[in-house]
Amino acid sequence: MKKTFEQLKPWRLIRDRTNALRLDLNENIYAPTKEVMRILRTFNDETINVYPYYDRLLQALSTYTGMPKHSILPTNGASQAIIMAIRTLFNTDDNIVVPSPTFYPYYHFLILEGTHIVPTYYTYEQSTATWKFPFEETMHALNGARGIMLVHPNNPIGVAIPDNIIASLLREASKRDCYVVIDEAYIEFGGKPMHRFIRRYPKLIIIRTFSKFFGLSGLRLGYILARPELINAFSKTVGPWDVNRFAVFAGTRCIEHVDEFYTIKNKITKSREDLYHFFKTRGIDTWRSETNFLSIRTPSAKKILEGLAKKKILISNLSGYPYSQDLFKEALRISIPIKKDLGIFKEEFERIINSNT
């Protein structure tokens, strides 16, 4: 067994959350639409015994992203894409820069492969309630680094990285022959997509998912955008049919009906603004977001977390988040509920913070 295993905690299977209001895992509760679900039910189950093929999905993704098909690789969720990128690009003892805090699986898989994580840290401006990307620190950290992992927009902070900062990092990384992995899981919600730079920077890799904007978390579908030579290298670490036939079918149909998902995005944005102002008017430190979730910080975090759980309303506790330097102490993350559940959430939240117990 690898020595690095000793540093890691095992992944725990998600328990049944069927009868709960699920606001803890950044799932897109709005999607898919009824029309898309009607189309997905037309899936021909007689083809289940046949291995999947990917031509139509690749063509749909090519149309959607503007990238050629040979620069696209479907994956079993973004998590597989993360593992593939780390396993393919980096060697044991390589220095990998990770602006932090960020999506925690990056730390897990980097440690698993025996790399050295070089964290740089976001700072929080209390007076303006804004997060600042650690630009100077990150530029300096690229000295001697093999790669840098960017999550854009960031999870769990919720903000996109400014375009000029990414452009500067790409230039500096290119000078130092350094790989740049950009996770764009929430890119349809906010921030400017960076795949247009792939032609200019051969070591740029973009990771995307169908879990957030398209609401297909349960089907585990993602994809990588990169230069053909990198796609070919990644293909050596993937199984021959890791993306199943129904996920291929669903992903293709979702792209073909993408306008419906932008309508959903507008609903999420409206509910997010509603919830943001609900928190702010109650004096709660609330972080602006360009995603489908909001994060707050309050001394009542434990009371809120436990009180909502009793009502089967699940939210995420960010306290103790890895590489956060206590920035998330007493912090909570809430997925944006659909309109009919937004009132329920606000009512229970209000009741808890006003209670004396």
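This is a predicted model: local features need pLDDT of at least 70, side-chain atom pairs count only at pLDDT 80 or more; totals for chains, interfaces and linings use all residues.

Biologist: Why is E172 called buried?

Modeller: Buried means under 20% relative accessible area. E172 has 15%, so it counts as buried.

Biologist: How many salt bridges does the structure hold?

Modeller: There are 16. One of them joins R87 and E113, with the closest N and O atoms 3.7 Å apart. This pair links distant parts of the chain: R87 is in helix α3, while E113 is in the loop between α4 and β4, 26 residues apart.

Biologist: How do you know that E113 is buried while R87 is called partly exposed?

Modeller: E113 has a relative accessible area of 18%, so it is buried by the rule of under 20%. R87 is at 44%, and therefore counts as partly exposed.

Biologist: What makes D94 and R146 a salt bridge?

Modeller: Their closest N and O atoms are 3.9 Å apart, and the limit is within 4 Å, so the pair qualifies. The two sit in distant parts of the chain, 52 residues apart: D94 is in the loop between α3 and β3, and R146 is in the loop between α5 and β7. D94 is at 16% relative accessibility and so counts as buried, whereas R146 has 27% and is partly exposed.

Biologist: Why is helix α4 described as mostly covered?

Modeller: Of its 8 residues, 8 are buried, among them Y106, H108 and F109. The buried residues of α4 pack against several elements, including α3, β3 and β4. Just after the helix, G114 takes a positive phi of about 80°.

Biologist: Where does K175 lie, and is it buried or exposed?

Modeller: K175 lies in helix α6, residues 163-175. Its relative accessible area is 69%; exposed means over 50%, so K175 is exposed. K175 also gathers with R171, R196 and R200 in a patch of positive charge on the surface.

Biologist: What makes Y323 and D326 worth a look?

Modeller: Most residues other than glycine have a negative phi. Y323 is not a glycine, yet has a positive phi of about 55°, and D326, also not a glycine, has one of about 65°. Y323 lies in the loop between β14 and β15, and D326 is in the loop between β14 and β15 too. Y323 is at 29% relative accessibility and so counts as partly exposed, while D326, at 62%, counts as exposed.

Biologist: Which peptide bonds are cis?

Modeller: The bond from A31 to P32 is cis, with omega near -10°, and so is the bond from N155 to P156, with omega near 20°. P32 lies in the loop between β1 and α1, and P156 in the loop between β7 and α6.

How values were computed. Residues are numbered from 1 along each chain as its sequence is written. Side-chain values use heavy atoms; hydrogens and water are left out. Patches are made of residues with over 30% relative accessible area and no salt bridge: like charges are joined within 9 Å, nonpolar side chains (Val, Leu, Ile, Met, Phe, Trp, Tyr) within 5 Å. Accessible areas come from the Shrake-Rupley method with a 1.4 Å probe; for residues, only the protein chains shown count as cover. A salt bridge is a side-chain nitrogen of Lys or Arg within 4 Å of a carboxyl oxygen of Asp or Glu. Lys and Arg count as positive and Asp and Glu as negative; His and the chain ends are not counted. The place of a charge is taken as NZ of Lys, CZ of Arg, CG of Asp or CD of Glu. Helices (H or I, at least four residues) and strands (E, at least two) are DSSP runs, numbered from the N terminus. Buried means under 20% relative accessible area, exposed over 50%, partly exposed in between (1.4 Å probe, protein chains only). Contact means heavy atoms within 4.5 Å.
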